[in-house]
Amino acid sequence: MSARRALVTGVTGQDGSYLAELLLERGYEVHGMVRRSSSDNYERIAHLGDRIRLHQGDLLDPSSLLNLLRSVRPHELYNLAAQSFVPTSWAQPSLTGEFTALGVTRLLEAVRIVDPEIRFYQASSSEMFGKVQEVPQRESTPFYPRSPYAVAKLFGHWITVNYRESFGLHAVSGILFNHESPRRGREFVSRHVSEAVARIKLGLADTLPIGNQDAHRDWGYAREYVDVIWRMLQTEKPVDYVIGTGTAHSVREFIAEAFAHVGLDPADFVRQDPSRLRPAEVDTLLADPSRAKRELGWEARTSFVELVRIMVEADIEAQERSSGRRVGGPGAR
Ligand code: NDP
Ligand code: GDP
């Protein structure tokens, strides 16, 4: 029997790279969509070499999506591509809507036209709960988005539900809470902190500029989350799920844990940076992932403390490699 084919958009991103690994392990023929750039941005998938096949395409360009689906003819399509950073969505609200909202419609249209049997996964976000209407948040919790990013994701969520109900597509929306890893974009708070702590430990920096330390997030480990993304597309009936750990911590706690790991006191380094505050904040997010546990047999396993450790250790290693310094060596704290 020939292998199942999967196509991943956003394959150069954090989740795309972990998902590509998992799909290869499970015997898939893996294809990734990449957008054209003047210099390659394949850092996170470089280790996969020619085990995955890359194709150019862009969520802004409908014919590129049609042609891509016609040439790959995937059994499963994972739409992970998006403008994914909340602050950028205030600076570039229209573009965020084009990628993160209308991009989903363009892709669903391509599925409907080329092959409505393709199973479709949409990367939805806990940011859609925004100003939360219920604690914890579950599949039935009403949405209240608080940024152009979250509004765009809500469109992506509902258009996925709508194409399922209108055209009978096997389309599912995974409402994932924040998930992090050493491959997380440097602008997100977890990575911003882990990298700064590593640099401070090595004597390469002396401050950690930070915004709202009171925000709470349900942080999980991205490597585990791609498994449940895959599980969501394997069920007989397409169903949407909330995915998270079921515990929340503050940014302040994240910082405290990261500094504690390297034996330093955050008070000596943390500097409040008002430019990092947002026009509208999401104060707290906390998942109720019980449906996913019950129906998909999935639950998060990596604890908050372990996640912080993994990220700080990885950034120390990366900074040691690029700077030539060593923890405990000259200049290190
Ligand atoms: P990243 O920001 O790491 O990756 C985003 C990917 O989208 C990149 O590969 C990027 O390509 C690609 N992309 C952006 N715009 C386009 C476009 N116009 N056409 C084609 N590709 C494009 O995100 P994550 O891996 O962290 O997240 C994956 C998805 O899950 C995103 O949709 C995100 O919004 C969503 N999500 C993430 C959560 C998290 O905590 N990580 C939580 C909930 C939802 P390039 O490399 O060229 O920039
Ligand atoms: P988000 O939940 O998708 O917006 O993920 P982020 O990691 O970008 O932000 C999580 C929370 O950390 C938000 O409430 C931010 O306001 C807060 N935060 C505080 N300081 C910072 C910072 O320096 N950078 C980022 N990205 N977020 C910060």
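**From sheet to core**

Strand β1 (residues 5–9) and strand β2 (residues 29–34) run parallel and are joined by five bridges. Helices (H or I, at least four residues) and strands (E, at least two) are DSSP runs, numbered from the N terminus; two strands pair if DSSP finds at least two bridges between them. Within this pair, L7 stands opposite H31 in β2.

This is a predicted model, in which local features need pLDDT of at least 70 and side-chain atom pairs count only at pLDDT 80 or more, while totals for chains, interfaces and linings use all residues. Residues are numbered from 1 along each chain as its sequence is written, and side-chain values use heavy atoms, without hydrogens and water.

Which order do the seven strands of the open sheet have? The order is β3-β2-β1-β4-β5-β6-β11, with parallel pairing. At the edges are β3 (52–56) and β11 (241–243), each pairing on one side only.

Now the core. A nonpolar core is a set of buried Ala, Val, Leu, Ile, Met, Phe, Trp, Tyr and Cys residues joined through side-chain atoms within 4.5 Å, where buried means under 20% relative accessible area (1.4 Å probe, protein chains only). In soluble globular proteins, nonpolar side chains tend to be buried together. The largest core has 35 residues, and those touching the most other members include L19, I52 and Y121. Helix α7 (222–234) supplies the largest share of this core, eight residues. A second, separate core has 25 residues, among them L208 and F304.

Terms used: Chains lettered and ligands numbered in written order. Buried < 20%, exposed > 50% of the residue type's maximum accessible area, 1.4 Å probe, protein only.
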